[in-house]
Amino acid sequence: MLEAGIRGEQKVEVVYENTATAVGSGVLEVFATPCMLALMEKTACDSVIPYLEEGWGTVGTKVEISHVAATPIGMTVRCESELTLVDGRRLEFMVKAYDDAGLIGEGTHERFLVNNEKFQKKADAKLEK
């Protein structure tokens, strides 16, 4: 059962492929904001999977984050999420990311519960138009 308080954690090593230079979000070889965002979404998403019924998943719908410190190649970024609100199908998470020197980003992330098959069919129907 989904309840506030569910936590998640993920780690990723900063390598050239997830730098701002590589993903096109800047010119410096530091952990890219889009990659931090993706890590935050993955951490929140994965944290609730064990609590979902068969055939159900979540989709990201809103993100409000700040990227407050740069992380160079060679360091590890650790992300933590906490489910703070369950409102029907709407889930809200607090997300934070750290490197060995401290906090590098934080914010909130909203996801919605969806029936995977139904959601995919609706998305695929756009191809027929």
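This is a predicted model: local features need pLDDT of at least 70, side-chain atom pairs count only at pLDDT 80 or more; totals for chains, interfaces and linings use all residues.
Residues 24 or more positions apart account for 65% of the contacts in this chain that have a separation of 6 or more, where a contact means heavy atoms within 4.5 Å. Residues are numbered from 1 along each chain as its sequence is written, and side-chain values use heavy atoms, with hydrogens and water left out.

Let me turn to the overall layout. The chain has three helices and five strands, and read along the sequence these follow the pattern β-α-α-β-β-β-β-α; helices (H or I, at least four residues) and strands (E, at least two) are DSSP runs, numbered from the N terminus. Taken along the principal axes, the C-alpha atoms fill a box of roughly 40 × 40 × 20 Å. The chain exposes about 7700 Å², of which carbon and sulfur atoms supply 52%, the areas coming from the Shrake-Rupley method with a 1.4 Å probe, and for residues only the protein chains shown count as cover. Of the 129 residues, 34% count as buried, which is to say under 20% relative accessible area, with exposed being over 50% and partly exposed in between (1.4 Å probe, protein chains only).

Now the interior. In soluble globular proteins, nonpolar side chains tend to be buried together. The largest nonpolar core here has 22 residues, and L2, F31, V48, V77, L83, L91 and F93 touch the most other members; such a core is a set of buried Ala, Val, Leu, Ile, Met, Phe, Trp, Tyr and Cys residues joined through side-chain atoms within 4.5 Å. Helix 2 (33-48), strand 3 (76-87), strand 4 (90-99) and strand 5 (102-115) each supply at least two residues of this core, and the largest share, six residues, comes from helix 2.

Two residues show these surroundings in detail. Not counting residues up to four places away in sequence, F93 touches A44, S47, V48, S81, E82, L83, T84, G107, T108, H109 and R111. One of these partners, S81, is found in strand 3 and is buried, with a relative accessible area of 3%.

Where does V14 lie? The place of V14 is in the loop between strand 1 (7-13) and helix 1 (20-23), and at 0% relative accessibility V14 counts as buried. Leaving aside neighbours within four places in sequence, V14 is in contact with T19, F31, T71, P72, I73, G74, M75 and V77. V14 and G26, by comparison, are twelve residues apart in sequence and 15 Å apart in space, C-alpha to C-alpha.

Finally, the cysteines. How many disulfides does the structure hold? The structure holds zero, a disulfide being a pair of cysteine sulfur atoms within 2.5 Å. C35 is in no disulfide, and the nearest cysteine sulfur, that of C79, is 13 Å away. The sulfur of C45 is 12 Å from the closest cysteine sulfur, in C79, and that is too far for a bond. C35 is buried, with a relative accessible area of 18%, and C45 also counts as buried, at 17% relative accessibility.
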